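Colleague: I am new to reading protein models, and I would like to learn how to go through one step by step. Could we look at one together?

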Amino acid sequence: MRKRTKAVFIFVTFIVFIYAIFAVVETVHLSSKTVEGAFEKFINNDINTEGVQNEIGDKEFYQNGNYTFVPFVVDDNVSLVQFEKGIFGWKRIYYSHNRNEGLSYSTVVDELKGDILIHGVIPKEIVTQTKIIQVNGIDAEIILLNDISGIWILLDNKIQGNFGSIQIEFLDEFGNVIAEM
């Protein structure tokens, strides 16, 4: 009976070891050494499979800690892809695609890491006048892609404040509110 238990233990250990090797190989395959490489892989694989064959316009890279955000323009729409740096390189963890009109925002919460990501497109009607965007009184990062396209990002690493009711204000260079939601 003892030989049988030992054989089962060795077999189970071998299966777990093989599974771990395949998991590492898959993780390495999905990751890229640079964020630019991860973005190109995203554009060539993920975007094309969704039927978006249009030309990618302006793009910017914005890094915040282990995250890099890449807003980019496709036609008249603004998209945002988020990459995270891991042990094996950069991999995509979030993608959003929005029209460049009206006031709207998106929220993503990672409860394991304690991160909250709030972002939105700056409407093309006010993109050149907007100098500050405040979310519940906290300044968000503004990334302008061109004269008609921009995006704002707020990454809170501690899930602070009351994000159940979000107040967003678009301010001009003098601190006057030009739009709010």
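Modeller: Gladly! Let us start with a word we will need: a residue counts as buried if its relative accessible area is under 20%, and as exposed if that area is over 50%. Keep in mind that this is a predicted model. Here F39 and F72 are both buried.

Colleague: What is the relative accessible area of F72?

Modeller: The value for F72 is 0%, so F72 is buried. F42 has 2% relative accessibility and therefore counts as buried. For the chain as a whole, 35% of the 181 residues count as buried.

Colleague: Those residues have aromatic rings. How do I read a pair of rings?

Modeller: A pair of aromatic rings is described by the distance of the centres and the angle of the planes. Planes over 60 degrees apart count as edge-to-face. In this model, a search of the whole structure gives seven aromatic pairs. Take F39 and F72: their ring centres are 5.4 Å apart and their planes stand at 75 degrees, so this pair is edge-to-face.

Colleague: Which parts of the chain does the pair of F39 and F72 tie together?

Modeller: F39 belongs to helix α2 (residues 35-49) and F72 to strand β3 (residues 67-74), so the pair ties together parts that are 33 residues apart in sequence. F72 has another partner to look at, F42: the ring centres of F42 and F72 are 6.4 Å apart with planes at 70 degrees, so that pair is edge-to-face. F42 in helix α2 and F72 in strand β3 are 30 residues apart, and their pair links distant parts of the chain.

Colleague: Which residues form the aromatic cluster?

Modeller: One aromatic cluster is formed by F39, F42, F61, F72 and Y95.

Colleague: Now the strands, please. How do I read a sheet?

Modeller: Strands of a sheet pair through backbone hydrogen bonds, either parallel or antiparallel. The chain here has two helices and 13 strands.

Colleague: How many bridges join β10 to β11?

Modeller: Four bridges join β10 to strand β11 (residues 150-156), and the two run antiparallel. For example, I142 has W152 in β11 as its bridge partner.

Colleague: Could we finish with a single residue? Is H119 buried or exposed?

Modeller: H119 has 0% relative accessibility, so H119 counts as buried. You will find H119 in strand β7 (residues 115-122). Its side chain has a polar contact of 3.0 Å with the side chain of Y94. Leaving aside residues up to four places away in sequence, H119 touches several others, including L80, Y105 and W152.

Colleague: And how do contacts look across the chain?

Modeller: Among contacts between residues at least 6 apart in sequence, 48% join residues at least 24 apart. As for the surface, the accessible area of the chain is about 11,100 Å², and 55% of it belongs to carbon and sulfur atoms.

Methods:
Residues numbered from 1 in each chain as written. Predicted model: local features only at pLDDT ≥ 70, side-chain atom pairs only at ≥ 80, totals over all residues. Heavy atoms only, no water. Phe/Tyr/Trp six-rings, centres within 6.5 Å; stacked < 30°, edge-to-face > 60°. Buried < 20%, exposed > 50% of the residue type's maximum accessible area, 1.4 Å probe, protein only. Pairing = 2+ DSSP bridges. Polar contact = N/O pair within 3.5 Å; in protein donor to acceptor, adjacent residues only side chain to side chain. Contact = heavy atoms within 4.5 Å. Areas by Shrake-Rupley, 256 points an atom, 1.4 Å probe, with all protein chains shown as cover.
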